[in-house]
Amino acid sequence: MSPTRRQFLQAASVTMAGTMGVPSTPLRAAQQAANRTAPDLAGGGTVKALVFDTFGTVVDYRTTIISEGEALGKAKGLAIDWAKFADAWRGAYAPAMDRVRKGELPWTKLDALHRMMLDRVLADFGVKGLSEAEIENLNRVWHRLRPWPDAVSGLTRLKKKFIIAPLSNGNVSLMTDMAKHAGLPWDLILGAELARHYKPDKEVYLTGAELLSLSPRDMMMVAAHQNDLRAAHALGFRTAFVPRPKEGPNGERNFTPDPVFDVVAPDFNALASAMGA
């Protein structure tokens, strides 16, 4: 028997409070508020497709960049704090997309933005002596990100019942390579490049719905970042908050979920259970 929404939310509040170091009282209150106001999604409700934020929600970009950076540093004799390097690189992510959004840059896919950011961060950290091939290989680390431990198993369960796809700011080739590398079982690739906008612009979410010939109410946005979910919710999407407290300093820091979210889950397997998958 599929768990009821109330049973799931009550169980999730205890699990998340214990594993994330989050005070249980505000989290439980938010989940109970969601239980009162959200439609009953036990067994999935009318949801036909789940779309996922990817960087930080599905994959652990920070650990991957640190690991590959340390290997490069050892090979090239670079004395770099790769954790700070990874955080600086990711920290330039939102400002770079804002330049596109404001018209300071024409539409530029994320691979190219990542390279612009990387060139600046390499200079800021005083990194010299890398060949063009080595710099480009480092830039493509985003194509080789490792999934969170629950990601592949949870997505595989959800895929049996729903259409699943990323709805990411990553370009299509990046997301395809990442899926191959990490074993992510997507049905298709959706996201910013198809809309030629970056989240949280409404065009990204609505283009995903249009391409699937679905209403936003038939889709659920899954993310570890509350601003992403609020943008989707405002357009009529169902929403699922899956916090990733180990994402790092550029990740979500507020783990008390907005009560408008339909589902709150500590990981993708718990999300699959909540959705009856």
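The model is predicted: local features need pLDDT of at least 70, side-chain atom pairs count only at pLDDT 80 or more, and totals for chains, interfaces and linings use all residues. Residues are numbered from 1 along each chain as its sequence is written, and side-chain values use heavy atoms, without hydrogens or water.

Start with helix H4 (residues 82-91) and helix H6 (residues 110-124). Helices here are DSSP runs (H or I, at least four residues), numbered from the N terminus. H4 and H6 pack at about 135 degrees, with axes 9 Å apart. From H4, the contact (heavy atoms within 4.5 Å) uses Phe85, Ala88 and Trp89. H6 supplies His114, Met117, Leu118, Val121 and Leu122. Seven of these residues are nonpolar, one is polar and none is charged.

H6 also packs on helix H7 (residues 132-139), at about 120 degrees with axes 10 Å apart. This pair is therefore oblique too. Asp111, His114, Arg115, Leu118, Asp119 and Leu122 of H6 meet Glu132, Ile135, Glu136, Leu138 and Asn139 of H7. That contact has four nonpolar, two polar and five charged residues.

Now the interior. A nonpolar core joins buried Ala, Val, Leu, Ile, Met, Phe, Trp, Tyr and Cys residues through side-chain atoms within 4.5 Å; buried means under 20% relative accessible area (1.4 Å probe, protein chains only). The largest core has 62 residues. Leu50, Phe52, Phe55, Trp89 and Leu271 have the most contacts inside it. H6 gives the largest share, six residues.

Definitions and conventions:
Axes are lines fitted to C-alpha atoms, for helices over the stretch in contact, and angles run from 0 to 180 degrees between N-to-C directions. Helices (H or I, at least four residues) and strands (E, at least two) are DSSP runs, numbered from the N terminus. Ala, Val, Leu, Ile, Met, Phe, Trp, Tyr, Cys and Pro count as nonpolar, Asp, Glu, Lys and Arg as charged, and the others, Gly among them, as polar. Buried means under 20% relative accessible area, exposed over 50%, partly exposed in between (1.4 Å probe, protein chains only). Angles under 35 degrees count as roughly parallel, over 145 as roughly antiparallel, 65 to 115 as roughly perpendicular and the rest as oblique.
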